[in-house]
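Subject: Structure handover

Dear colleague,

Please find the structure below. My notes on it come after.

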Amino acid sequence: MSATAAKAESIPFKIAQAETTTETHDAAPAGDAHGAAAPAGEVHTETGVAHGEEHGSGVFPPFDASTFPSQLLWLAITFGIFYLIMSKVIVPRIGAILETRHDRIAQDLDEASRLKAEADNAISTYEKELADARAKGNAIASEAREAAKAKADAERLKNEESLNGKIAAAETRIAGIKEKALADVGAIAEETAAAVVEQLIGGKTTKAEISAAVKSAAK
């Protein structure tokens, strides 16, 4: 019974000692991230770097040889993702844009060639029509000149014929008047000669003799 009583008395002592230890751990300073009693060389579970070596290496992380495998892995992953994006998204879009522009430029060139051909045809047609119009104008002018010349020649011939007829009629009238005048002059000459002879010789001569004498004098 004495041993049982001693064991019962020691149990409350152990519980009190455990509570004292718990209070000691809870009273540790909050600013100490790793605890003042952390043993030296303990490995940090998040970064994989031993305590005390986190801030003491002084090496820029990309140049740390221990991180080269992970850097190469992420570089390969990033390059693969970038390559997939380029090959599946960006390059097809750029190719489609270039193809669209190429087709549009080809269409514009075809349209320009068609318009140039139409312009050349229009110019050639205009030049041909202009040449035809000039030739037609020259032909019309030539025909007008020929018609005017023919009309003028016909009017001239008509006027000449009329004038020749008038001249012939005038000459005929003049010839008749001349003959009549000459006949009258002969009669007057005969009468005058008969009177002169009668006055000079005091005798009369026959009409035939006076007429013969006048004709002989006129010749």
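What follows covers the fold, the surface and the salt bridges.

This is a predicted model, in which local features need pLDDT of at least 70 and side-chain atom pairs count only at pLDDT 80 or more, while totals for chains, interfaces and linings use all residues. Residues are numbered from 1 along each chain as its sequence is written, and side-chain values use heavy atoms, with hydrogens and water left out.

The chain has three helices and zero strands (DSSP runs, H or I of at least four residues for helices and E of at least two for strands, numbered from the N terminus). Of its 219 residues, 3% are buried (under 20% relative accessible area; exposed is over 50%, partly exposed in between; 1.4 Å probe, protein chains only).

A nonpolar surface patch includes Trp74 and Ile94 (residues with over 30% relative accessible area and no salt bridge; nonpolar side chains, Val, Leu, Ile, Met, Phe, Trp or Tyr, are joined within 5 Å, like charges within 9 Å). Ile94 lies in helix H2, residues 68–201.

There are five salt bridges (a Lys or Arg side-chain nitrogen within 4 Å of an Asp or Glu carboxyl oxygen). Arg114 pairs with Glu111 at 2.3 Å, and a network links both to Glu118. Arg156 bridges to Asp153 at 3.9 Å and to Glu160 at 3.0 Å; Arg156 is partly exposed, at 41%.

Regards

Technical notes
Areas by Shrake-Rupley, 256 points an atom, 1.4 Å probe, with all protein chains shown as cover.
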